[in-house]
Amino acid sequence: MTKHNRINSAIIHIILIVLSLTMLVPFLWMFLTSFKTIAESTQVDPFVVFPQRWNADAYTNVLNNMNFLLLYKNTILMIFFRIVCAVVTSSMAGYAFGRLKFRGAGFAFSLVLFQMMIPSQIFIIPQYQMISKLRLPNTTFALVFPGLVSAFGTFLMRQAYKVLPKDLEEAARLDGLSIGKTFVLVMAPLTKSCTIALSIFTAVFAYKELMWPMIVNTDKNSLVLASALAKMQGQYTSHYPELMAASLIACVPMIILYLVFQKQFVEGIATSGVKF
Amino acid sequence: MKRQDLRHTTERNVFFWGWVLILPTMVGLIILNIYPMIKTVYQSFCKTGDFGRGNIFIGTANYAKLFSDPEVWQATLNTFKYMVVEVPFSVIIALVLAVLLNRNMVGKSVYRTIFFLPMVAAPAAIAMVWRWLFNSQFGLINNMFHISTHWISDPAIAVYSIAIIGIWSDIGYNMILFLAGLQEVPKEYYEAASIDGTNGFQKFHYITVPMISPTIFFVLVTRIIAAMQVFDLIYMIMDRSNPALSKTQSLVYLFYQYSFVQKDFGYGSTIVVLLLLLIMVITVIQVFAQKKWVHYN
Amino acid sequence: MNRKKVMSLLCVSLLAMTVVFANGTAEKGTTATESKAPEKPLSVMIWDSNQEPGIRKLIDDFTAKTGITAEIQVVNWDNYWTLLSAGAEGGALPDVFWMHSNESQRYMSNNLLLDLTQRIKTSKEVNPDDYPADILGLYTYNGKYYAVPKDIDTIALWYNKKLFDEAGVAYPNADWTWDDLYNAAKKLTKADGSVYGFAKKNTGNQDGWYNLIYDGNGYVISRDKKKSGMDDPKTIEAMGFMGKLINENLMPSPQVMTETGEDVLLGSGKIAMTTQGSWMLAAFRDNEYTLANCDVAPLPKNAKTGRSASIYNGLGWAVSAKTSRPDDAWKLVEYFGSKEAQLKQAQLGITMSAYTGTSDAWKNSVPQFNLQAYLDMQKDMVIRPYSKNTVKWENAINDCMLKAWTKEMTMEEACKEAAKQMNAILAEE
C-alpha cells in the first residue's frame, strides 16, 4: 500500500471507530446497568458508571421469572412467518409493478404507497376486531396478521426489479416461458440482496412491534419478547437493572439472525447473476 | 394479422399475470389497511361517541376546529423540523458508511454488525439510555463537555435532540439498504474508471450515486414518510411535565393523545387525515421528481 | 433455483401454514385440558405486573376454596385501555378486570360492566358499609354498583433524614403546617443548587397540589361536576403556596423535574422533601438509599383551616356485562373484596386495601418506614376529582400549571385560565 493509501485507510478506520463507539455507548450503558443495584441504576449525582459490586442478581431473577425459551419461540415463529409472507407477496407484486405494464397498475401501486403513509395506530382496533371475530387471539396467526402483506416490501421489491437488465427476461420470454415462470425461475433469483434486506427489516420491525402483540396476545403462553419487556415497566417505576438484563437477553436472537443473514448478503455479489 | 394477434394476447396475458401477481398484496392491503383508513376518514366527520357507538355526523366541524387550532400547526411545524434534520443526516451518514464498508477491508463484518445493533435495542432501553445521555444536570454529554444544555427540556432544541436519537436508530436501517443497492453495481464500472484515472470522490459522484439512485430514492421516500410519523421516541422520552413538549410533539403524538388518551376519536382522525394529506403531497412531489435524477436501466 | 426447489419451498410453506393454524387451535386445546374444572379458566386482566404475584396467590386460594380457576393477563397501562376499548367495540372483554376512576363513568354509562347491586345486597362477604363510600361511589352509576372496591391510596410527605440532620432541621411531624414546610425548605435549599428543599412537578396533582387546594377548603370540581373550582378564591390562595415555592426557587427547575423523577431526586439526595402516593412504597423500599435514609410523615396542615386532607383514589374489580359466566366471575370478585382477601393483599405490602381496617397489615410490611403516616391521612380523605372526561381537563389544567411552573404566568393567572378551559370541557359532557 502506498503511503497515501495507508493514511486514507487509517483515517477511515478512525472515523469508523468513533461512529461505532457512539452506536455502542447505549449498549455499554445497558450492560453496566444490568449489574447495578436499583439505587445505583437511578442515582443521578453522581451518575454511577461502574457498579460497585458486579452482582448478577438481575440476570438470575429475570431468567427465573421469564420463560425466555417460550418468548424466543413465539417471537421467532412470528418473525419467520412474517418473513415468508412478506417475501412471497412482495416479490410477486414487486415484479409485476416493476416490470409489467398493465391497466390498473398505476392506481394499485398508489394504493400501496398510500398504505405506507398511514400511521399504523389506525389499524390496531379494526384489526383486533377482525381477529376477535375469527376467534384467533393468542395465536401465531394473530401475531402475523398485520404482516400478511407488506406495502413496504412491495415498494422495496419493485425498486429491486426495476433495475434489473432486460436481456435475461427477454431471452426467457422468447424461449417460451410464461410470465409466471420467468418471474420464478429467472428474475426472482436476481434480487437476492434485496430479498435478504427485506427479510432483515421484516424481522426487525416484527421484533420491535409492541402495541399489536401486547393487545392481541395477552395470554402468558403466547407473549412475545416486546410485550414481556413492556410489562416489566411498572406504572410508576421500573426495576432498571432487571429491565436492562432482560433487554440484552432479548437482543441475542436478533443479533444471531443478522450475523447469519449478513453472510448471505455478502455472497449476493457472487451469485447475483448480473453480468455484462 | 398474426402479429396483431400476438400483441393482443400478450397484452391480455400481461394483464392477467400482472393482476394475479399483485392480487394477494392488494387484497391484504384493502382488508387490513384501506378499510380501516376509510373508517377513520368517516370518523373525522363525526363527533365520536364512546366505543364506536353514537357517532354523530357533524360534517366539517372538526376540520374547522383543526384549521384554527394553534397546537395542530405547531405540531406540524415540529414534525417538519424533525424530518428536515433526521432524514438528510441519517441518509448521508449511512450512505458514506455503506460505501466504506462495501470494500474489502479489515473488520467490515464487525462494523456492519455494530451499526445494525441500534435497530434491535429494546425501545425501553433506548429511552432510558438517551434520557441519561441528555440529562441537563447529570447526564454524560453535559458532564463530559462541561456544558449545561437542556437537550430535551429546552423548547428551542428538544425536537432536534429527538432527531439525533432518530438518526442514531436509523443509520443501520439505511446502511443495509444502501449495501443491498451497492451489490447491484458491477465492479467493472469502477475498474474501467480507475483505468481512466478517476479518484474516489469522482467515482462516488459519477458512478455510485447514479447507479444506486433507485435505492436512494427508495430510502428517501420511506424515511421521509417514517419521519413524518415519528411518535415512539417522543412518547418515551418526554411527558406532560416537559416545558418543551408543545414545541416537540409531532402530529402522530397529538393524534395519539386525542384518540387513545382522551378518547376523542373524531378529532384524532381529523389530525390523521391532515397528516396523510401532507405526506401524500410530499411523496407525490418526490415521485414526479424522480424522473429528473433517478436512473433505472 | 430450479423447479424442485420452488416446489419444495411451496410445500414447506404450506406445511408451515397448517402448523400455524394447528398451533393456534392447539394452544387453546391445551389450556382447556390443563384446567382442573371442566370449563376454561376465567380471564382476569390487570395492568401492573408488580401486583401479579400477589393476585396470583389470592386466585390460588380462591381456586382451593371453590374449584374455579382463573388466568391473569397483564397488559401495560398504555395499552390496557386500548385493549378494553377494542374489546368493548368488538364484543369480547375479559371476564374480570380492573377499573379506574378515569374511565369508570364511560364504561358504566355504556352498559359494559355487569350490574352487581343485587349480588352485593345478598352477599355475606361484600357489604357496602365496609368500604369508603367515595370509592364505592366511583363505581356507582344511577344508584347501581358496578365494581367491588379493591384498594385505596393516600398521600404523605417523604423526607431525607440525612439532609435534615446535616442542616440541623427537625424532622417533619404530625403538627407541621405548610408554613413549617416552607421554612424548612428554605433552610434545606443550598445556594449552589446541589440540594433543594422540596420538589413537585406541575403534573403532580393527586400526589401534590390537589391536597393543598382541599386543605385550604378550595375545590377542583364541583359536586355536580359541572363547574371548575380552579378559579375559586380559596383555591387560588392555596395554590399561592406552590407559587411561593416556585418563585423563591425552593424547588428544582421544571426542566430538571421533568428529566429526573421526584423519586429519583429523593433517592439521589438532591431534594429534602416531596409528597408521594402510597403506591410508591415498593420503589422506595427496593432502593437501598431511600430505605436507609428516608422516612415518611403525614402531610402538613393548613395553618388557617387546620385541615390536612389527602386525596385518595382506589381501583375496583369489575365484571364484563357480556361474560358467559357471571356467577363464577362474581364469586371471584366477591372473594377479592372479602375481608380475608383484602387482609392478604395488604400483608403483601403492595397497596392499602379498601376494606376498612385491613390496612394495618400493609403498614407493617416495611418496618423501616413510618407507614402509619399514610394510615393517619385516612382521617380526612377527598376523592380524586373526576368526571366522564377526567383525562381531558386534567391535561388542560396541567398544561396551564406548566406555564406557572416555568414562570410564564403567575399562579393566579394559570388557575384562572385552567378554570376557563376546564369549564369548556365540562360543558361538553
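Is A:C85 buried or exposed, and what is its relative accessible area? In this predicted model, A:C85 is buried, with a relative accessible area of 8%.

**View 1. Cysteines A:C85 and B:C46 in the predicted model.** Residue A:C85, at a relative accessible area of 8%, counts as buried because the cut-off for that class is under 20%. B:C46 is likewise assigned to the buried class, its relative accessibility being 0%. When the whole structure is searched, zero disulfides are found over all chains.

**View 2. A nonpolar surface patch on chain A that includes A:W54.** Four residues, A:F31, A:V49, A:F50 and A:W54, form this nonpolar patch on the surface, and together they have about 430 Å² of accessible area. Within chain A, A:W54 is placed in the loop that runs between helix 2 (38–42) and helix 3 (57–65).

**View 3. The surroundings of B:L101, a buried loop residue of chain B.** B:L101 lies in the loop between helix 3 (70–100) and helix 4 (108–116) of chain B, and with a relative accessible area of 0% it is buried. Apart from neighbours within four places in sequence, B:L101 is in contact with A:L16 of chain A and, in chain B, with B:K108, B:Y111, B:R112, B:F115, B:M175 and B:L179.

**View 4. The buried serine C:S310 and its contacts in chain C.** C:S310 belongs to strand 12 (residues 310–312) of chain C, and its relative accessibility of 0% places it among buried residues. A polar atom of the C:S310 side chain lies 2.9 Å from the backbone nitrogen of C:I155. Once neighbours within four places in sequence are set aside, the residues in contact with C:S310 are C:T154, C:I155, C:N211, C:M377, C:D380, C:M381 and C:V382.

View 5. Chain C contains 20 helices and 15 strands, and its C-alpha atoms fill a box of roughly 80 × 70 × 50 Å along the principal axes. Of the 429 residues in chain C, 61% are buried, while the chain exposes about 16,800 Å², of which carbon and sulfur atoms supply 52%. Among the contacts in chain C with a separation of 6 or more, 74% are accounted for by residues 24 or more positions apart.

Methods: Residues are numbered from 1 along each chain as its sequence is written. Chains are lettered from A and ligands numbered from 1 in the order in which they are written. Side-chain values use heavy atoms; hydrogens and water are left out. Patches are made of residues with over 30% relative accessible area and no salt bridge: like charges are joined within 9 Å, nonpolar side chains (Val, Leu, Ile, Met, Phe, Trp, Tyr) within 5 Å. Accessible areas come from the Shrake-Rupley method with a 1.4 Å probe; for residues, only the protein chains shown count as cover. A salt bridge is a side-chain nitrogen of Lys or Arg within 4 Å of a carboxyl oxygen of Asp or Glu. Helices (H or I, at least four residues) and strands (E, at least two) are DSSP runs, numbered from the N terminus. Buried means under 20% relative accessible area, exposed over 50%, partly exposed in between (1.4 Å probe, protein chains only). Contact means heavy atoms within 4.5 Å. A polar contact is a pair of N or O atoms within 3.5 Å; within protein, one must be able to donate a hydrogen and the other to accept it, and residues adjacent in sequence count only if both atoms are side-chain atoms. A disulfide is a pair of cysteine sulfur atoms within 2.5 Å.
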